[in-house]
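Hi,

Here is the structure I said I would pass on. Have a look at it first, and my notes follow below.

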Amino acid sequence: MKKLKVNLLAVLFVIAGCVLWGNDAKAENVDFYKQYSGEYADDEYHFTLKYKCRMTVYINYYGEDDYDDYDELYVGIEDDEFDEALEEYVDEPGEYKKTITLAAGKYTLYLDGGVSYSVTLQGEYYSKLSAKNIALQAGKTKTLKVYGTKQAVEWSSSNSKVATVNSQGVVKAKKAGKATITARFGTRKLECKITVQVPYKIIEKKLKKLAGKSKYFKFKTIDVGRKCRLSAATTGWYPDSSEIINDGYGFVIKMYPYVELVKKNNQKSELQLKFYGELHEYLIYGSTSLHCSKFKMRTSNRRLDLPMKHTYGNNALHSSGYFYLGTMKGHATISTSSDLQKSKLKKFRTMLGQDSLAIRLVSTDGASQEIAISGGARRDWIKLVKQYQSLVKEF
């Protein structure tokens with residue numbers, strides 16, 4: 001960690017320095033601006049560290065006196081919970097030093113002994129930024145501060161289109177994206193990662209606007225303020241009743257892609273590109289057991305298999321009593337704004353542009369149905385994918 005060196009004289013109160021000192025009732029007329037030295041000490045001095053500090057204690061022992069009981073100097077430092085950070089006994093002439101790391105907090109320096117001595121403290125703060133990672137909504141501000149330095153700080157942003165910072169360390173979020181704010185002082189620099197998020201309501205408004213402008217899209221609120229959806233046209237297959245009667249079974253299939261906007265628990269909004277699938281099985285003889293398994297796309301030269309999340313299922317004898325009806329509904333996730341899955345998304349879009357596209361919904365019991373996708377549906381779906389990519393880039 002980068003450190004800023006600040007000299008602290010013995011038992012010293014330097015207003016602009018690392019340690020703030022104050023003597024208690026036992027200290028008598030101590031000059032806090034000079035190195036402390038004396039004889040027959042029995043004193044306590046209190047100091048406060050604003051930030052984490054690396055401190056070196058220098059002890060000079062000058063000589064003994066005639067009293068054997070007082071020929072030893074004790075130097076101790078305790079925090080406000082009486083945990084010892086330093087405990088040194090000196091009984092021979094010479095110079096001694098001890099380096100310790102102290103967390104921010106309140107401390108007491110104890111001096112006890114009957115010898116001539118001086119004690120000098122030299123500290124260096126660990127400079128740090130008030131935050132290392134920040135998430136902001138577009139339009140909001142946050143002030144960053146550098147602790148542990150009195151030097152002038154120069155601020156800069158790696159991407160001013162996403163977030164700016166002024167000379168006072170005030171960060172302003174501009175648009176969705178990521179940026180790094182750097183604080184430079186002396187030969188050191190500190191960085192804070194900024195993630196700018198766009199409020200849910202702004203993206204929701206954009207989705208509504210897209211639906212209002214195009215006959216190809218529909219907007220639907222799923223959970224007010226937390227989830228909404230922009231969907232493309234539905235395509236499917238619907239057999240007539242005579243086919244079901246003649247064959248003893250039949251399938252109805254529906255599907256469409258959609259963009260879902262979700263507000264997460266951390267208040268971050270996420271865009272998700274999904275594909276909805278719905279399969280109904282009519283069975284005159286036997287029973288049904290539909291449950292979503294796979295979403296399969298194929299063209300003349302490509303394949304894309306995706307797991308299908310099961311969201312609804314029902315398998316029961318129809319109220320008429322003449323046949324069983326099984327239903328499964330679910331979706332496959334193509335891409336999300338937090339996990340773009342670029343290769344999958346690219347392949348999905350490419351396959352939508354191919355005339356030979358067919359899509360199959362598969363149940364865990366092996367039942368499945370495939371339909372060829374018309375050119376009109378594919379064109380509508382491509383428009384939705386393009387809008388998704390544009391939204392992710394914008395927000």
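The buried residues of helix H4 are Ala377, Arg378, Asp380, Trp381, Ile382, Leu384, Val385, Tyr388, Leu391 and Val392. H4 itself covers residues 375-394, so 20 residues by DSSP, and spans 29 Å from first C-alpha to last, close to the 28 Å expected at 1.5 Å a residue. Bear in mind that this is a predicted model.

Two packed helices are described by the angle between their axes and the distance between the axes, so here are both for each pair I looked at.

H4 with H3: the axes of H3 (residues 342-352) and H4 come within 9 Å and cross at roughly 155°. Angles over 145 degrees count as roughly antiparallel, which is why H3 and H4 get that label. Their crossing is left-handed. On the H3 side, the residues involved are Leu345, Phe348, Arg349 and Leu352; they meet Arg378, Trp381, Ile382, Val385, Lys386, Tyr388 and Gln389 of H4.

H4 with H1: helix H1 (residues 200-213) packs against H4 at an angle of about 150°, with the axes 12 Å apart. That makes this pair roughly antiparallel too, but the H1 and H4 crossing is right-handed. Here Lys206, Leu207 and Leu210 of H1 meet Gln387, Leu391 and Glu394 of H4.

Zooming out, the protein chain has four helices and 30 strands. Of its 395 residues, 45% count as buried. Among contacts between residues at least 6 apart in sequence, 65% join residues at least 24 apart.

- Ile253 sits in strand E23 (residues 249-263). Its relative accessible area is 0%, so it is buried. Not counting residues up to four places away in sequence, Ile253 touches Thr235, Gly236, Trp237, Glu278, Leu279, Leu361, Gln369 and Ile371. Its C-alpha is 10.0 Å from that of Met328, which is 75 residues away along the chain.
- Leu129 belongs to strand E11 (residues 128-129). With a relative accessible area of 9%, Leu129 is buried because the cut-off is under 20%. Leaving aside neighbours within four places in sequence, it contacts Lys145, Val146, Trp155, Ala183, Leu190, Glu191 and Cys192. Leu129 and Cys192 are 63 residues apart in sequence, yet their C-alpha atoms are 7.6 Å apart.
- Ala104 is in the loop between strands E8 (94-102) and E9 (105-113). At 45% relative accessible area, Ala104 is partly exposed. Leaving aside neighbours within four places, its contacts are Leu49, Lys50, Tyr51 and Lys52. Thr48 is 56 residues from Ala104 in sequence and 7.5 Å from it in space, C-alpha to C-alpha.

Last, on confidence: the chain averages a pLDDT of 85, and 87% of the residues score at least 70. Over residues 1-36, though, the pLDDT is below 50. That stretch still has 111 contacts in the model beyond near neighbours in sequence.

Cheers

Technical notes:
Residues are numbered from 1 along each chain as its sequence is written. This is a predicted model: local features need pLDDT of at least 70, side-chain atom pairs count only at pLDDT 80 or more; totals for chains, interfaces and linings use all residues. Side-chain values use heavy atoms; hydrogens and water are left out. Helices (H or I, at least four residues) and strands (E, at least two) are DSSP runs, numbered from the N terminus. Buried means under 20% relative accessible area, exposed over 50%, partly exposed in between (1.4 Å probe, protein chains only). Contact means heavy atoms within 4.5 Å. The expected span of a helix is 1.5 Å times one less than its number of residues. pLDDT is the predictor's confidence in each residue, from 0 to 100. Axes are lines fitted to C-alpha atoms, for helices over the stretch in contact, and angles run from 0 to 180 degrees between N-to-C directions. Angles under 35 degrees count as roughly parallel, over 145 as roughly antiparallel, 65 to 115 as roughly perpendicular and the rest as oblique. A crossing is left-handed if the near helix is turned anticlockwise from the far one by less than a right angle, and right-handed if clockwise.
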